[in-house]
Amino acid sequence: MIEGILIGLTTALTFQNILMVMIGCFFGTIIGMLPGLGPMTAIALMIPITYGFDPATGLILMAGVYYGAVFGGSTSSILLNAPGVPGTVATSFDGYPMAQQGKAGKALAIAAWSSFAGGTLSAIYLLFMAPSLSKVSLSFRSPDYFALMILGLTAIAAFSSKGQFLKAMMMVVLGLMLASVGQDSLSDITRFTFNNMNLTDGISFVLVVMATFAMSEALTIILKRNDPTSAAKQVSLTELGSIKINKEERTKMYKTIPRSSVIGFLIGVLPGAGATIASFLAYGMERNVVSDEEKEKFGKGSVNGLSAPETANNAACSGSFVPMLTLGIPGSGTTAVMLGALLGFGVQPGPRLYMTNPEIFWSIIMSMYIGMVILLILNLPLIPYIARILAVPKNYLIPLILFFSVTGIYVMSFNNFDIYLMIGIAVVATFLRLYDFPMPPLILAFVLGGLMEENLRRSLLLSNGSWEFLWDRTLTACILATTILIVVWHIYKTFRKKN
Amino acid sequence: MNINTTKIISLLFFIFSAFYLYTAYQIQVFAFDENAPFNARTFPIYLGYAGLFFSGLKLILPDPNTIKVEHKSLEYKKTGILILIAIIYGATILKVGYFLTTSLFLFASYYFLGERRWILMFLLSFPFVAVFMYLLHGILDIYLRDPFLQSIGVMG
């Protein structure tokens, strides 16, 4: 292995490859900040360029773009409450409130350091555990995935604010209902389209997330303009752009980062799970392990609440390389695009990749770490300038948020209907937010809806319609037992507080 | 019984779930799939029942955290105008083109939100959209349909 690491370092540290990581991180950050253009689009845009390079250099460039785009997505989540990709939705829960309190620079710095730490730790895990973890990822079957998704959805509802469990569960169901619109993945039968062709392909993630987060946030700000309780706080540009993290905040991060990186990496290893579930689970777990006093700060700008999903989503990005490199199974949409590029280079991923093409295997792993360092070096000095977006007066910022939301949808579909649908969902979401119906459970359910149905379908078909699959396998039973424990614990705590 | 808005929303969600469930039962599946352990209508049916269950619980159980919204202090008029502008923007973007509609949308939104610094309003609409469009269309090679720019020969 030492030999492999040295090969990887030698390849990754050539001038050309370092330059590629820098270019990749830079362009990735810019593309990731634009709503609708996530890491998958960013990498897809790079494919034609990479064909001129050797496989290692091409993949190093794509890995740089990947990390840059994930960081860029976090930036728009924190500053504008507009997560362009599912993996950064959980970042906005505490990142956006923190930015609204005039600590945008600090929030971006916490996100950058957490991403860096998450990526670094997961690169270390990857270095030592990649071959053995591929076996673990293969041991997960459909019932386990189904149980994992139930756990994710229950956890996000149970960990929502006090007394909101039922509201959160209603939002979970609404999210799953929205995800069920369109063609059934197996039979191609259309559902809930009401003969409208525009709904045949279902509702896109970007549309729902832009409507429920960015657009409804913009409408809420206008709606509550005269509300004395929500008056905008005047902050100086220096305070807004300050990236100083004090000792107390650092201490919190030291505790959060290791546990979130483990969750992120392990979830990332599972094909199909990816950064979204990882970040939501890390957020939920973090809320459960911190003190009661800290728990109250969740959703209002908590350092732990921001650091946990950021660490986990970057750790999951590295984790998703495990099934791709060792089994040839892409762990996410983004790694699927990278797999396509890998095959285009004539490289066949699989258990023998690190024996047949050690320079590719190890140079990707080493360049991930180098990519993290370069991402940090490039982005930290830019934070004070990026944070100033929030100093833009609301009269300009609100139309610009609406413009980015509409553009995100327009470049995806070139369809008027999608814009109307987005406005409709945004109006409903704004109304629901006024009455404290939480949006994060809706988004997570929407993201997981298709996968959940797919895994339930496989499980039920394999068990011939019997629900015994829920307790047949130890792993499934353990995950479901954890879900039940979370619900019971939540109910117990609610009653204990009332009494 | 004191009915608050949260209960009314729950009632609406209950009715919506009932409608969703009814529609789920109407989904046409293939004849050979009718009695399969899982078909296109199975998951939606579960979802319909789940919606009825949770909204029903919310309706029945007491609500200790009643949310009071001060409607008088809310800016319904400006929000309504902004939504209307966004709808007009959505209706015209394909026919007129990205550049002109987006620039006008931004300009009109700034105006209705109370902005009167004309030069800044102009700079943050027309030139801003032009630069953004160049980034998307020119650099990132993302197609942006624009009949207006095509008609005046700016875009190929």
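This note sets out numbered points on the predicted structure shown above.

1. Basis and numbering. Residues are numbered from 1 along each chain as its sequence is written, while chains are lettered from A and ligands numbered from 1 in the order in which they are written. As the model is predicted, local features need pLDDT of at least 70 and side-chain atom pairs count only at pLDDT 80 or more, whereas totals for chains, interfaces and linings use all residues.

2. Confidence. The mean pLDDT (the predictor's confidence in each residue, from 0 to 100) of chain A is 82, and 89% of its residues score at least 70. Helices (H or I, at least four residues) and strands (E, at least two) are DSSP runs numbered from the N terminus. Confidence in chain A is lowest in helix α10 (residues 237-241), with a mean of 61, and highest in strand β2 (residues 190-191), at 94.

3. Helix α18. This helix of chain A covers residues 358-379. A residue is termed buried if 20 or more other C-beta atoms, placed from the backbone, lie within 10 Å of its own, exposed if 12 or fewer, and partly exposed in between. Since 16 of the 22 residues of α18(A) are buried, the helix is largely enclosed by the rest of the structure.

4. Helices α9 and α20. The axes of α9 (residues 205-223) and α20 (residues 394-413) of chain A come within 10 Å and cross at roughly 165°. Axes are lines fitted to C-alpha atoms, for helices over the stretch in contact, and angles run from 0 to 180 degrees between N-to-C directions. The two helices, α9(A) and α20(A), are therefore roughly antiparallel; angles under 35 degrees count as roughly parallel, over 145 as roughly antiparallel, 65 to 115 as roughly perpendicular and the rest as oblique. Among the residues that meet in this pair are Met210(A), Ala214(A) and Ala218(A) from α9(A), and Ile401(A), Ser405(A) and Gly408(A) from α20(A).

5. Ser216. Helix α9 of chain A also contains Ser216(A), which is buried, with 25 other C-beta atoms within 10 Å. Leaving aside residues up to four places away in sequence, Ser216(A) touches Ala211(A), Ala426(A), Ala429(A), Thr430(A) and Arg433(A); contact requires C-beta atoms, placed from the backbone, within 7 Å. Ser216(A) and Met197(A) are 19 residues apart in sequence, and their C-alpha atoms are 26 Å apart in space.

6. Contact with chain B. In chain A, 46 residues are in contact with 56 residues of chain B. On the side of chain A that touches chain B, α8 (165-179), α9, α20, α21 (416-434) and α22 (440-462) each supply at least two residues. The largest share, nine residues, comes from α20(A).

7. Helices α7 and α12. In chain A, the axes of α7 (residues 142-158) and α12 (residues 274-289) come within 9 Å and cross at roughly 45°. That angle makes α7(A) oblique to α12(A). Gly152(A), Ala155(A) and Ile156(A) in α7(A) meet Ile277(A), Phe280(A), Leu281(A) and Gly284(A) in α12(A).

8. Positive phi values. Most residues other than glycine have a negative phi. Phe194(A), in the loop between β2 and α9 of chain A, has a positive phi of about 50° and is exposed, with 8 other C-beta atoms within 10 Å. Asn464(A), in the loop between α22 and α23 (469-472) of chain A, has a positive phi of about 55° and counts as exposed with 10 C-beta neighbours inside 10 Å.

Definitions and conventions:
Expected span 1.5 Å × (residues − 1). Contact = placed C-beta atoms within 7 Å.
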